[in-house]
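Me: I'm new to this one. Can you walk me through a few spots in it?

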Amino acid sequence: MKRILATLAALALSASAVFAHEFMVGNLLVDHPASRATLPGQPVGGGFLTITNKGTKADRLVSITAPDVSDDVQLHEMAMENDVMKMRHLPDGIEIPAGATVELKAGGLHVMFMKIKHPFKEGETFKATLNFEKAGKLDVDFKIEAAKPAAKQGGDASGGHEAHGG
């Protein structure tokens, strides 16, 4: 019985290591950089991740580069303005307050990979570099996850970013 429990514990630990998708630079922990699969011909892809600032001073995500997939990577925000959801480019980046966690997700702060060089395929990864004002550069791997179910039926595959065009 002890051998079975030890084996199960070892499997659980190794599984958590496999699923862990964290990167650290300075006091910043970046968790689960991900994107969604895109359709052929789709001009843009979204990027999502969580950044936790474990330090006592604010930092700022100023830019992201991902030359294998896009020569134009932008930080964006979705927000309600006069009862209309609008998206805007954040050329000054995203502040990461001291002791706070900032989530980049669909419908809020997020990354936009403009004029993507090829479709994003589920199960693949691509490299990107996050550039922070104080902590410096951090190389990460974005995991490409399944497209939203609506995308498979010809719906909103781009997360509402059709206006970006190609």
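This is a predicted model: local features need pLDDT of at least 70, side-chain atom pairs count only at pLDDT 80 or more; totals for chains, interfaces and linings use all residues.

Me: How do F113 and F126 pair, edge-to-face or stacked?

Reply: The whole structure has five aromatic pairs. F113 and F126 make an edge-to-face one, with 5.1 Å from centre to centre and 90 degrees between the planes. F113 sits in strand β9 (residues 109-114) and F126 in strand β10, 13 residues apart, and the pair links distant parts of the chain.

Me: And F126 with F142?

Reply: That aromatic pair is stacked, at 5.2 Å centre to centre and 0 degrees between the planes. F142 belongs to strand β11 (residues 136-145) and F126 to strand β10, so the pair ties together parts 16 residues apart in sequence.

Me: Why does F126 count as buried?

Reply: Because its relative accessibility is 5%, and buried means under 20%. F142 is buried as well, at 0%.

Me: Which residues form the aromatic cluster?

Reply: F113, F120, F126 and F142 form one cluster.

Me: Switching to strands. What does β4 pair with?

Reply: β4 (residues 59-65) pairs with β7 in the antiparallel sense, over three bridges. L61 has I94 in β7 as its bridge partner. β4 also pairs with β10 (residues 125-132), again antiparallel, over four bridges. There, I64 stands opposite L130.

Me: Last one: where is A98?

Reply: A98 is in the loop between β7 (94-96) and β8 (101-104). A98 is partly exposed, with a relative accessible area of 37%.

Me: What does A98 touch?

Reply: Leaving out residues up to four places away in sequence, A98 touches N53, G55, T56, K57 and A58. N53 is 45 residues from A98 in sequence, yet their C-alpha atoms are 5.6 Å apart.

Definitions and conventions
Residues are numbered from 1 along each chain as its sequence is written. Side-chain values use heavy atoms; hydrogens and water are left out. Helices (H or I, at least four residues) and strands (E, at least two) are DSSP runs, numbered from the N terminus. Buried means under 20% relative accessible area, exposed over 50%, partly exposed in between (1.4 Å probe, protein chains only). Contact means heavy atoms within 4.5 Å. Two strands pair if DSSP finds at least two bridges between them. Rings of Phe, Tyr and Trp (its six-membered ring) pair if their centres lie within 6.5 Å; planes under 30 degrees apart count as stacked, over 60 as edge-to-face and the rest as tilted.
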